Amino acid sequence: MAVVEMAGVTFIGPAEEIERVALALVGAESFEPMQPDVMMGGQPIHSRFRPAKANQWDALMGKLNDLRAHSGMKLLASSFIDNVPSVPFSELEAGIDGMLANMNSTRDKIAKLEDEYETSRAMLELSDAVRATGRKFSDVPRLPYGSITLGTASKDNWRRLRETGRAAPFIAVPVVDDGGKITFITLCSGEYAPEMEKVLASVHARVIPLRPEDFRKYDDGDVVRHRMESIKAEIKGYREMPDLYLSGGRVEFDHLYWAVYTMQRVYSACRMRRELSDKKMVVVSGWMPKARCDSARAMLANQAPNVLMIVEPATELRNEGQPVPTLLSNLPIIRRFQELVKLYSLPSYGETDPTFILAISFCLFFGFMFGDVGHGIALILGVMLLERKKIMGGEIAAVAKIAGGCSVLFGFLYGSVFGNEKLIHPIWLNPMESVNATLIAAMFIGVVIISIGMCLYVYNRIKDGDLGEALLGPEGVAGMAFFWIALCWAVGAVGNIQALKFHTAIYGTLLGLIFLVMLFGNPIAAMLFEGHAAKVDDGGAVHVISVLHALLSFISNTASFVRLAAFAMNHAGLCFAVATLAEMVRHVPGGNIFGAVLIIVGHLVIVGLEGLIVFIQTLRLEYYEFFAKFYRGGGRAFAPERWIGA
Amino acid sequence: MLSGGMIAASVKARIRRSELMGSDELGSLLEKGSVREIAASLAREGAYAQLLRGVDLNSVRRSELEFLMSLALLEEGIVFWRYIDDSHRRLLQAWLCTFDIGLLKSHIRGDAFLAENEEWGHIALDKAMELAAGYRLTLVDGDKLKNAKTLNEIVASVKDRVLREAMTETMSFEGGGSAVLIDGKRAQLAFSLGMAMDRWYFDRLYSYVSEVRGSEGSALRLLVGTRVDLVNLYWIYRARRFFALSPEEALTLILKARFRAKFDVLSAAAFAEPDSFSGVLANTPYAGVFDADPDADDHGDAWREVEIERNIYRHLMSVVGQIFTANKIGFQNIAAYLTLKETEMRDIVAVIEAARYGFNKRDAGAILVRAPVVRETWE
């Protein structure tokens with residue numbers, strides 16, 4: 001239940017052993033690469049190591065995926081491969097390039113045949129149209145004053161050409177639309193032909209040259225149709241070739257694919273490496289959970305005895321200004337709430353992980369405000385339905401289901417089932433009948449949560465070595481003392497509790513003294529604690545205002561928790577309103593049906609809308625009243641290299 | 001329904017707007033005598049300090065500095081990422097694709113710093129990808145682009161099928177593809193590919209904002225639509241005046257998207273003589289954008305091109321002003337802010353180029369979108 005302790009690790013060793021180390025680290029999903037400069041900076045050896053070029057295996061992987069995509073082949077699934085392939089890069093590359101060359105030559109042939117097919121199709125359509133007018137197609141090129149051009153263009157370029165035709169003296173007519181490309185003819189005067197040529201060039205149209213003898217070829221439509229059939233058959237044959245070619249060596253292809261994939265992952269983990277000019281010695285640095293360092297050492301002893309591993313505590317690196325990544329470790333059920341923490345901001349390295357307290361307080365707040373057995377169950381079922389329909393999922397759905405569970409629990413405490421308070425006996429209280437008790441309970445929760453927040457603030461400041469702020473700051477021990485004394489004074493006076501009733505002067509003096517301590521906290525801390533530098537940047541006026549603001553926020557933060565009681569009562573009130581409306585319509589014709597509809601719709605609105613509002617209010621209390629007391633955030637998630645996810 | 005996140009993002013956009021560089025700061029930057037002095041000034045404090053961290057200010061080059069400047073838009077855009085919902089993230093991604101396109105253009109051109117200094121090119125790309133971690137570059141596969149040695153491989157790094165096909169079509173038409181990166185003869189192909197990418201970018205962005213409803217949609221259509229119209233008009237103007245293309249050829253270059261300048265306006269502009277181009281637009285919202293500055297000395301076509309570009313940005317700034325004045329919550333605030341940021345970056349790049357090529361400061365000041373107060377020391 002904390003931010004995992006990290007370490008900066010550097011591996012220095014021969015390239016082939018580093019490859020083995022990197023693969024093991026990818027398998028363990030415990031290593032996030034970083035620039036070795038961070039760890040090697042200032043070392044004399046640093047300048048001898050050069051940064052590595054880009055991952056050459058990426059390109060190879062791309063080529064293999066290209067091959068796969070064009071053959072339509074599906075790979076056999078593979079789990080983590082724990083050995084580095086022995087075939088060298090150049091050999092693998094040559095093999096893949098050979099396969100690609102074959103594939104590309106086939107593709108070129110298909111493209112040529114497709115072009116011929118499309119041209120034939122367009123000319124056939126055109127010749128059929130000309131024949132229908134009673135003329136011979138071969139007469140077309142002899143048009144005395146006109147110029148005709150056949151061409152193809154992408155849809156976008158065709159649109160451009162046609163639009164230009166609206167303002168220019170030519171006609172563009174589509175002949176064949178194959179979905180991706182348009183084959184068209186343009187007609188213009190002979191004088192305009194040179195300009196037409198330029199326009200066609202500027203829309204990147206491919207002009208199909210037409211000689212008079214080409215027109216004669218299309219005079220007999222049956223001959224053309226026959227040729228088109230045979231082109232189709234040829235294209236089909238060529239299309240099946242890559243599949244046949246690859247499926248013949250299916251096992252070899254799979255082996256090749258996973259070998260390249262493995263190396264791509266290895267060099268992804270080593271992408272920030274530095275190497276000596278002969279590339280034989282390599283340095284790889286990265287972040288790793290400190291607890292994994294021992295197993296990494298054991299792995300080195302077995303698999304890479306010549307690799308040196310240097311470990312530096314993350315705290316030291318953080319003090320040097322390096323952004324250490326954050327990895328949270330929580331119990332499975334608590335882990336669900338990490339998403340809510342991330343939504344605000346991940347804790348920075350070294351900061352207290354608030355997930356556990358957030359999980360407990362979230363359940364408490366939500367249940368308190370939305371306590372109802374029926375609505376809780378409806379919420380859980382609703383979330384399950386949304387999960388099934390893939391509208392909702394992941395950790396947020398899990399949190400919503402836990403929230404539903406808390407509603408059920410508080411429903412039993414309140415004795416409420418779909419707003420009906422007579423079905424079961426309340427174990428604790430009924431919010432509508434015990435308004436004062438509900439309000440007091442809400443305020444009590446508020447005081448406890450704010451106090452926990454302040455304690456965490458003190459703890460964090462002590463951890464940072466800032467004793468002055470921890471003891472004398474308005475959010476530190478002094479602030480906490482002020483808060484509690486003021487609270488005792490208020491509770492004693494309002495609740496008429498004798499044990500808390502002291503003379504006003506005593507309370508006044510104590511609060512006044514603490515106020516002065518907070519006001520002059522910085523100079524006092526500078527005198528008392530070695531190394532505490534008085535903060536002068538903000539100026540005195542700003543400091544006074546910030547102290548006053550902190551004191552006022554005690555009141556506003558505590559008062560904010562009244563919403564717990566308000567929403568608990570609001571929930572009961574809404575249920576009452578739905579029941580009353582249903583009762584009112586019961587006396588009109590068809591009233592029973594209207595009443596039933598009203599009850600169903602009303603409760604759906606309560607679960608959906610009120611549930612959402614309570615969810616937001618819960619987060620509001622967490623983020624504004626609780627987190628604001630101690631939490632800074634700003635952390636960056638630990639992102640280790642993984643086998644899956646390339 | 002607007003979310004709390006969108007309210008926060010809108011407020012953030014307004015706050016960041018107030019932190020943009022003022023005319024005075026731009027003027028001070030213009031005062032600097034060299035690229036290194038400008039880099040040092042930017043690295044000292046302000047929005048660019050973080051981006052320039054770790055850069056050797058004593059040896060920084062113009063191209064390197066300009067590349068780093070281009071990262072600023074991505075950095076700014078990502079700030080809003082966590083606040084907005086999926087539908088708005090789609091818009092933001094479409095908007096920020098301009099960064100991916102910039103990267104692609106650099107690689108296709110074989111920019112000096114990428115081609116001659118491969119190592120720095122890789123570091124720069126890594127820096128961009130690190131910046132985009134958690135957001136992701138949507139259009140380009142960064143690793144593939146980094147490894148690309150040929151134009152075909154660069155195009156293969158484009159993830160969007162439609163754009164990839166458009167680029168492939170352009171390449172197959174102009175006969176490129178297998179040439180290695182360093183090849184000065186590829187300027188024409190690089191230009192055509194750039195046009196294909198820009199067309200894809202603006203058409204897609206406009207189609208996305210066209211789907212947005214309500215006042216948010218109207219404001220976005222006003223901003224993106226104005227830009228689309230100005231791009232169309234500018235491309236026609238450029239094709240006719242600077243490239244001496246025929247009206248028909250100029251018309252084939254424009255975008256599919258139209259806002260207020262419909263095809264009849266665009267074709268009238270294309271068929272008009274370049275000198276009477278402004279007259280055609282007299283009754284449109286874009287009157288004046290293409291007018292020559294009567295007070296400015298005529299420095300030739302290149303100068304005129306920059307002047308028009310400046311006018312276009314100034315017109316866009318007036319639209320941005322309308323959006324902020326309307327005081328409504330929505331993605332339009334983010335879009336308006338990003339437009340302002342882009343304008344600021346354009347001005348800084350202009351200042352850098354003025355220092356690098358020793359332009360007259362008074363002239364350089366005149367081409368900035370946010371005109372600085374002219375100082376007596378400027379010649």
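**Figure 1. A:Lys390 sits in the loop between helix 15 and helix 16 of chain A.** Helices here are DSSP runs of H or I with at least four residues, strands are runs of E with at least two, and both are numbered from the N terminus. The model is predicted: local features need pLDDT of at least 70, side-chain atom pairs count only at pLDDT 80 or more, and totals for chains, interfaces and linings use all residues. Residues are numbered from 1 along each chain as its sequence is written, while chains are lettered from A and ligands numbered from 1 in the order in which they are written. Phi of A:Lys390 is near 60°, a positive value in a residue other than glycine. Is A:Lys390 buried or exposed? A:Lys390 counts as exposed, because it has 7 C-beta neighbours inside 10 Å. The cut-offs use C-beta atoms placed from the backbone: 20 or more others within 10 Å means buried, 12 or fewer means exposed, and in between means partly exposed.

**Figure 2. A:Phe418 lies in the loop between helix 16 and helix 17 (435-463) of chain A.** Its phi is near 50°, a positive value in a residue other than glycine. A:Phe418 counts as buried, because 20 C-beta neighbours lie inside 10 Å.

**Figure 3. Helix 16 of chain A spans residues 394-414.** Its 21 residues should span 30 Å at 1.5 Å a residue, and the end C-alpha atoms are 30 Å apart, which agrees. The expected span is 1.5 Å times one less than the number of residues. Buried residues of helix 16 of chain A include A:Val399, A:Ile402, A:Cys406, A:Phe410 and A:Tyr414. What do the buried residues of helix 16 of chain A pack against? Their partners are helix 13 (338-344), helix 14 (355-369), helix 15 and helix 24 of chain A. Contact between two residues means that their C-beta atoms, placed from the backbone, lie within 7 Å. Just after helix 16 of chain A, A:Gly415 takes a positive phi of about 70°.

**Figure 4. Helix 15 (residues 373-388) and helix 24 (residues 591-630) of chain A pack at an angle of about 85°.** Their axes are 10 Å apart. Helix 15 of chain A is therefore roughly perpendicular to helix 24 of chain A. Axes are lines fitted to C-alpha atoms, for helices over the stretch in contact, and angles run from 0 to 180 degrees between N-to-C directions. Angles under 35 degrees count as roughly parallel, over 145 as roughly antiparallel, 65 to 115 as roughly perpendicular, and the rest as oblique. Helix 15 of chain A brings A:His375, A:Ala378, A:Leu379 and A:Gly382 to the contact, and helix 24 of chain A brings A:Ile606, A:Val607 and A:Gly611. By class, the contact has four nonpolar, three polar and no charged residues. Nonpolar covers Ala, Val, Leu, Ile, Met, Phe, Trp, Tyr, Cys and Pro; charged covers Asp, Glu, Lys and Arg; the others, Gly among them, are polar. A:Gly382 is partly exposed, because 19 other C-beta atoms lie within 10 Å. The C-alpha atoms of A:Gly382 and A:Val607 are separated by 8.9 Å, though the two are 225 residues apart along the chain.

**Figure 5. Four strands of chain A form an open sheet in the order 6-7-5-8, with antiparallel pairing.** Two strands pair if DSSP finds at least two bridges between them. The edge strands are strand 6 (170-177) and strand 8 (206-208) of chain A, and each pairs on one side only. The twist averages 30° from one strand to the next. Strand 6 and strand 7 (residues 181-189) of chain A pair over seven bridges. Which residue of strand 7 of chain A is the bridge partner of A:Ala172? That partner is A:Thr186. Helix 4 (residues 89-132) of chain A lies across strand 5 (146-154), strand 6, strand 7 and strand 8, at about 115° to strand 6 of chain A. Helix 6 (residues 193-202) of chain A also packs on the sheet, and its direction makes about 0° with that of strand 5 of chain A.

**Figure 6. Chain B meets chain A through 21 residues from chain B and 22 residues from chain A.** Helix 10 of chain B gives the largest share of the chain B side, five residues. By class, that side has six nonpolar, six polar and nine charged residues. Chain B itself has 18 helices and zero strands.
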